[in-house]
Amino acid sequence: MPIWLVTGGAGFIGGNFVLDAVRRGNKVVNLDALTYAGNLDTLASLADHPRHVFVEGDIGDADLVKRLLDEHRPEAVINFAAESHVDRSIDGPGGFVQTNVVGTLSLLESTRDYWKALDATARDAFRFLHVSTDEVYGTLGDTGRFTETTPYAPNSPYSASKAASDHLVRAFHHTYGLPVLTTNCSNNYGPYQFPEKLIPLVIAKALAGEPLPVYGDGLNVRDWLYVGDHCDAIRTVLERGRVGETYNVGGDAERTNITVVRTICALLDARRPLADGRARESLITYVKDRPGHDRRYAIDADKLKGELGWAPTVTFDEGMARTVDWYLDNAPWVQRVLDGSYRLERIGQA
Ligand code: NAD
């Protein structure tokens with residue numbers, strides 16, 4: 001099985017991807033800077049695994065990336081590493097530009113130099129897959145869906161920095177011939193998501209019987225995809241995608257934020273009712289809207305489905321039930337994030 005260099009593999013999606021890849025037989029060199037979003041607890045089952053090498057470091061550290069490429073000779077680089085939270089990008093855009101733009105540029109340069117020095121067969125087989133978001137397309141009205149030809153119109157510092165990184169990836173293909181692929185995916189949910197994002201945040205607060213904050217009128221729409229289906233899509237694009245192409249990834253599961261929150265309330269009420277008997281919906285509290293909050297995202301994933309035969313396998317209702325059950329069954333993982341102790345331990349590092 002191929003060796004892959006995965007960046008950001010201690011985060012939510014990268015962590016799910018690495019666990020799956022190692023389980024399937026890949027060797028993964030996992031480079032992650034362990035920002036607040038990086039969590040080695042997620043990778044605890046891989047401690048001392050012969051096919052997983054964890055390296056704490058920055059994608060922008062060219063010397064380190066060069067050393068890892070030369071030492072491990074990966075057949076692909078898969079770039080998940082990013083600052084990923086829109087609210088944090090509003091408070092401090094600089095760090096988003098540093099990692100998502102400058103860091104990705106440095107990773108591209110290091111990878112290009114490694115790729116150019118490969119023999120012809122290895123050069124043909126090599127891939128750089130960049131994991132991106134549907135937020136680069138901006139916002140939709142009540143109708144329509146984003147396709148791969150929708151013009152970029154990012155509205156937040158986060159999406160602007162991801163858009164810039166997508167353009168650099170494209171440019172490295174057209175200018176230097178680097179065999180790149182880009183995926184633009186809708187909102188993910190599932191195990192190991194940091195509890196600042198809507199779904200795990202609401203689960204944690206609802207379990208504690210605390211107010212459930214909902215932005216604005218709660219009617220912003222996102223197209224939700226279970227993280228395992230996103231990981232399958234990335235693997236599919238990596239293995240069979242056409243070099244230089246971008247592929248949209250979505251779940252065909254548009255829901256308003258308030259629907260998502262009500263779904264979580266109902267699942268938790270059925271599984272673990274509040275001691276005082278209150279329905280959790282009574283905890284919903286509308287708060288001042290996020291500045292520049294995009295109204296609606298929806299993905300047209302027909303290219304990925306038609307060309308490569310991928311389709312989401314987990315429905316929204318099934319995925320939400322699985323996710324709520326995972327957070328109930330993994331309370332220590334959540335607790336160690338909430339009390340900060342997840343940052344104190346370092347396991348299985350090279
Ligand atoms: P995350 O914030 O959970 O994880 C990001 C990981 O990157 C963390 O482990 C962090 O430590 C690491 N990291 C940050 N800066 C780094 C740097 N300079 N060098 C090395 N590692 C660094 O993010 P996520 O939700 O797992 O998203 C992963 C990727 O997928 C991102 O590129 C994001 O833009 C994209 N994406 C996310 C979603 C979503 O719904 N979460 C949807 C579409 C696309």
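Helices (H or I, at least four residues) and strands (E, at least two) are DSSP runs, numbered from the N terminus. Residues are numbered from 1 along each chain as its sequence is written. The model is a predicted one, in which local features need pLDDT of at least 70 and side-chain atom pairs count only at pLDDT 80 or more, while totals for chains, interfaces and linings use all residues.

**View 1. Ile3 and its surroundings.** Ile3 lies in strand E1, which covers residues 3-7. A residue is called buried if 20 or more other C-beta atoms lie within 10 Å of its own, exposed if 12 or fewer, and partly exposed in between, with C-beta atoms placed from the backbone. Because Ile3 has 15 C-beta neighbours inside 10 Å, Ile3 counts as partly exposed. Two residues are in contact if their C-beta atoms, placed from the backbone, lie within 7 Å, and, once neighbours within four places in sequence are left aside, Ile3 is in contact with Lys27, His72, Arg73, Pro74 and Glu75. Ile3 and Gly25 are 22 residues apart in sequence, and their C-alpha atoms are 9.5 Å apart in space.

**View 2. Two residues with a positive phi.** Most residues other than glycine have a negative phi. Leu34, which is not a glycine, has a positive phi of about 50 degrees, and is placed in the loop between E2 and strand E3 (52-56). Arg73, also not a glycine, has a positive phi of about 50 degrees, and is found in the loop between helix H2 (62-72) and strand E4 (76-79). Leu34 counts as partly exposed because 18 C-beta neighbours lie inside 10 Å, and Arg73 counts as partly exposed with 13 such neighbours.

**View 3. Phe80 in its loop.** Phe80 is placed in the loop between E4 and helix H3 (86-91). With 26 C-beta neighbours inside 10 Å, Phe80 counts as buried. Not counting residues up to four places away in sequence, Phe80 touches Val6, Thr7, Gly8, Gly9, Gly11, Ile13, Gly14, Phe17 and Val131. The C-alpha atoms of Phe80 and Phe126, which are 46 residues apart along the chain, are separated by 17 Å.

**View 4. Helices H7 and H9.** Axes are lines fitted to C-alpha atoms, for helices over the stretch in contact, and angles run from 0 to 180 degrees between N-to-C directions. The axes of helix H7 (residues 198-208) and H9 come within 10 Å and cross at roughly 40 degrees. Angles under 35 degrees count as roughly parallel, over 145 as roughly antiparallel, 65 to 115 as roughly perpendicular and the rest as oblique, and H7 and H9 are therefore oblique to each other. The contact is made by Leu198, Ile199, Val202, Ile203, Ala206 and Leu207 of H7, together with Asn257, Val260, Val261, Ile264, Cys265 and Leu268 of H9.

**View 5. Helices H9 and H11.** The axes of helix H9 (residues 257-271) and helix H11 (residues 316-329) come within 10 Å and cross at roughly 55 degrees, and H9 and H11 are therefore oblique to each other. On the H9 side, the contact is made by Thr263, Ile264, Leu267, Leu268 and Arg271, and on the H11 side by Met320, Ala321, Val324 and Leu328.
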